[in-house]
Amino acid sequence: MLVYNITLKVNSNIHEEWLQWQQQVHIPEIMATCCFQKFQMSRILDMDDSEGPTYTIQFYAASKTDYERYINSHAPKLRRDAIEKWGGQFTGFRTIMEVVH
C-alpha cells in the first residue's frame with residue numbers, strides 16, 4: 001500500500017473556510033477519483049501556528065498504478081482548483097510513502 005501525503009501550512013485568515021472546503025469539497029473530489037481506498041487528515045500540533053496551522057492529509061492507494069492514475073489523470077485539475085480558490089494563502093509539499101509492517 002502507498003500513502004500519498006500532503007503537508008499544508010494555511011494562513012490564519014482563511015483557515016476556517018479552507019478547512020471546511022477541504023472536508024466538504026476537495027477531499028471528497030479526490031476520493032471520488034476512486035484512486036484511493038481511504039484518507040486521514042491531521043493537524044500538526046508541534047508547529048509554530050503564529051502564521052497559521054499546519055495539516056497533513058494522507059491518501060491510501062492500493063497500488064502504484066492507482067497512485068499514478070491519480071497523479072496523471074486527476075491531480076493537475078484538482079491542484080489548479082485549489083490554487084484558483086486560495087491563491088498563495090497556503091503552502092505545501094507532497095511525499096509518497098510505502099507502508100511497511
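This is a predicted model: local features need pLDDT of at least 70, side-chain atom pairs count only at pLDDT 80 or more; totals for chains, interfaces and linings use all residues.
Figure 1. Residues are numbered from 1 along each chain as its sequence is written, and side-chain values use heavy atoms, with hydrogens and water left out. Two helices and four strands make up the fold elements. Their order along the sequence is β-α-β-β-α-β. Helices (H or I, at least four residues) and strands (E, at least two) are DSSP runs, numbered from the N terminus. The C-alpha trace spans about 40 × 30 × 20 Å along its principal axes.

**Figure 2. Inside and surface of the chain.** Of the 101 residues, 38% are buried. Buried means under 20% relative accessible area, exposed over 50%, and partly exposed in between (1.4 Å probe, protein chains only). A contact means heavy atoms within 4.5 Å. The chain exposes about 6,100 Å², and carbon and sulfur atoms supply 51% of that area. Accessible areas come from the Shrake-Rupley method with a 1.4 Å probe; for residues, only the protein chains shown count as cover.

**Figure 3. Helix α2 and its kink.** Helix α2 covers residues 64-86. Where does the kink lie in this helix? A kink of about 60 degrees lies at histidine 74, shortly before proline 76. The bend at a residue is the angle between axes fitted to the seven residues ending there and the seven starting there. Proline 76 itself lies in α2. This proline counts as partly exposed because its relative accessibility is 40%. Its C-alpha is 14 Å from that of isoleucine 6, 70 residues away in sequence. The buried residues of α2 are Asp66, Tyr67, Tyr70, Ala75, Leu78, Ala82 and Trp86. Their cover includes β1 (2-10), α1 (15-31), β3 (54-61) and β4 (90-98). Just after the helix, glycine 87 takes a positive phi of about 55 degrees.

Figure 4. Which residues of α1 are buried? They are His15, Trp18, Leu19, Trp21, Gln22, His26, Ile27 and Ile30. These buried residues pack against β1, β2 (38-43), β3 and α2. Proline 28 belongs to α1. With a relative accessible area of 36%, proline 28 is partly exposed. Leaving aside neighbours within four places in sequence, proline 28 is in contact with Gln22 and Gln23. Cysteine 34 sits in the loop between α1 and β2. Its phi is near 65 degrees, a positive value in a residue other than glycine. Cysteine 34 counts as exposed, because its relative accessibility is 58%.

**Figure 5. Leucine 8 in strand β1.** Strand β1 holds leucine 8. Is leucine 8 buried or exposed? At 8% relative accessibility, leucine 8 counts as buried. Its contacts, apart from neighbours within four places in sequence, are Trp18, Pro53, Thr54, Tyr55, Ile57, Phe90, Thr91 and Gly92. Between leucine 8 and isoleucine 57 the C-alpha distance is 8.3 Å, across 49 residues of sequence.

Figure 6. Methionine 1 is placed in the segment before β1. A relative accessibility of 39% makes methionine 1 count as partly exposed. The C-alpha atoms of methionine 1 and alanine 62 are 4.8 Å apart, although 61 residues separate the two in sequence. Not counting residues up to four places away in sequence, methionine 1 touches Gln37, Tyr60, Ala61, Ala62, Met97, Glu98 and Val99.
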